[in-house]
Amino acid sequence: MAYLAFYRMFRPDTLDKVVRQEHIVKILTNQIESGKIGHAYLFCGPRGTGKTSVAKIFARAINCEHPVNGSPCGKCSTCRALAEGGNMDISEIDAASNNGVDEMRDLREKVQYPPVAGRYKVYIIDEVHMLTQSAFNAVLKTLEEPPAHAVFILATTEPQKIPATILSRCMRFDFKLIPQHDLEGLLRNVLEKVGKEYEDEAVAAIARAGAGSARDTLSIADMCVSYSAGKLTYADVNAVLGSADFYRIADVVKMLLSDDAGGALTCAEEVFAGGKSAGVFVKDVLNFLNNVSVAKMCKNAAEILNLPADMFGKVKEIASADGHKILRATEIFVRAEADMRYAADARVVLETAILRCTLPQADYNIDALLSRVSALEEKVKNLSAAAANVPVQAPRTESAPMPVSGTQSDIFSEKPRGRATAFYADLPAKQPETQSEKQPVVKAANRPALQPAEGEDVFDGVQKPAAAPAGGLTGKSVHAALLRALRTTHKNAVLFTLCADLSCVQEGAKYVFNTENETVYRAITRQDNSAVLAEVLAQSGVTDFEVRLNKKQDGLKKAVETLKANFGGTDIEIK
């Protein structure tokens, strides 16, 4: 007998041998045992997940005289008749090569004939999405109301291409990708049956390369068994797949995430020298970065990746890198893989991707900036930890100078600054008579400074006057102090702008604020603004003040009166 490939030799012949499609197997088993068989089924899902195999098992099981757990017994006369090659009760049609309307019309005519050996006549149409629109229309009516003995099983990898009129007439079953753990179990079973020794790392590498497909996994295993003369090793699998060594790729990714451009380029050159292509190298790096992302984000990463202990330890070590760098490196290599399809030299694209990963300071996209910010934050944390060991500065004594607003001593003061602090820092000071009695005074540029007099109380660590004599201040200095207090303590921009339009003069013990703008006058004399104005002026000892409106027409009226006095009998009208 001719040699059979692994995926044909170990094709399941009963439902209990199907790998991980329990949700489908259970439904079909219950239908067979209860005798409630539908007339049309749609099996859809990725390649190599068991669609055609389950369709063949189900076709024989519904015709079997004594099914066992929903599977054909293989011993009855019907099972033996169906096993013969010339049996017409089970027909397999390849829609990729028989996709015309004539083939579907022929099927519509043949479906009327009853089965020969069993109870049902089953039509398995593989790759049904390849049928033309006319072919779908030709089989539509038959699919909706077929004869009682006819059962249709449609199999496809692209259900979105099937018309909705066909989908609505079928019982749909979605086959899922097979987990790596189950593929490894299938591989071990196959290798033990053929008598081939193996390493666990080799089995895991084949299962990962299978990417959820049992047929792809068995095909790769078939090549690896033929390549290896003795025990199947991880190096043999890498040689068959053409991928680079796991630990070499790990070194490359580690250098990418640590911004070591020279080391990463050197490792890439060594991989190229081993005969690996740039496309395979990028694919290996992306697979490793995916493993690193899983190891960083998932608590059960060891179960998800299912890597040998030493390999998972290497992945876990690299996963301690910054998450922004891992994401940025992955996106860069994904773009590089796409760019290689249109590049004249794929190697240049790969080396450019390596430089972009390792030189974030030369890249101005958002991911590079985030990576640089993360590095700066790490440096700040280190500096903060070092600063935590510096002894705290001793508290200020009475002889120490008053903190200056906006300076370092003010920022690190133990007590919060009160509202009056900024104001008193700029008020005029009473100068001491002797040099030994002088206290440091903070003065604003080109403005008189004011310092509290004797008999003052303390507020927030700053001396506050109980009653400063109003007569000691000029109208100009009071106006300037008012503006500074509104700007630094109350943070009232509107009131500050209104007061900037005022002018202040002293009339005896009263301070008069004048304005020629009626809108400004009404706004300042409003109750809330007037209360703030009184509070700020009271802090400097000014309690007697008034806001006056001096209209521009007052001078004009005086001039008119003068004219009338000088030129009696003349009518003068003001417009």
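**Questions on a predicted model**

Student: Which side chain does the side chain of H129 make a polar contact with?
Tutor: This is a predicted model. H129 sits in the loop that runs between β3 (121–126) and α6 (133–144). Its side chain makes a polar contact at 2.7 Å, and the partner is the side chain of T156.

Student: Is H129 buried or exposed?
Tutor: Not counting residues up to four places away in sequence, H129 touches F136, T156, T157, E158, K161 and I162. Its relative accessible area is 9%. Buried means under 20%, so H129 is buried.

Student: Where does A117 lie, and is it buried, partly exposed or exposed?
Tutor: A117 is in the loop between α5 (101–110) and β3. Its relative accessible area is 32%. Buried would need under 20% and exposed over 50%, so A117 is partly exposed.

Student: What distance separates the C-alpha atoms of A117 and M88?
Tutor: Leaving aside neighbours within four places in sequence, A117 is in contact with T78, A81, N87 and D89. M88 is 29 residues apart from A117 along the chain. The separation of their C-alpha atoms is 8.8 Å.

Student: Are α14 and α16 roughly parallel or roughly perpendicular to each other?
Tutor: The axes of α14 (residues 278–297) and α16 (residues 309–318) come within 8 Å and cross at roughly 75 degrees. Angles of 65 to 115 degrees count as roughly perpendicular. The two helices are therefore roughly perpendicular.

Student: How many nonpolar, polar and charged residues does the contact of α14 with α16 have?
Tutor: On α14 the contact is made by F288, N291, V292 and A295, and on α16 by V315, K316 and I318. By class, the contact has five nonpolar, one polar and one charged.

Terms used:
Residues numbered from 1 in each chain as written. Predicted model: local features only at pLDDT ≥ 70, side-chain atom pairs only at ≥ 80, totals over all residues. Heavy atoms only, no water. Helix = DSSP H or I, 4+ residues; strand = E, 2+ residues; numbered from the N terminus. Buried < 20%, exposed > 50% of the residue type's maximum accessible area, 1.4 Å probe, protein only. Polar contact = N/O pair within 3.5 Å; in protein donor to acceptor, adjacent residues only side chain to side chain. Contact = heavy atoms within 4.5 Å. Axes fitted to C-alpha atoms, helices over the stretch in contact; angles between N-to-C directions. Parallel < 35°, antiparallel > 145°, perpendicular 65-115°, else oblique. Nonpolar A, V, L, I, M, F, W, Y, C, P; charged D, E, K, R; others polar.
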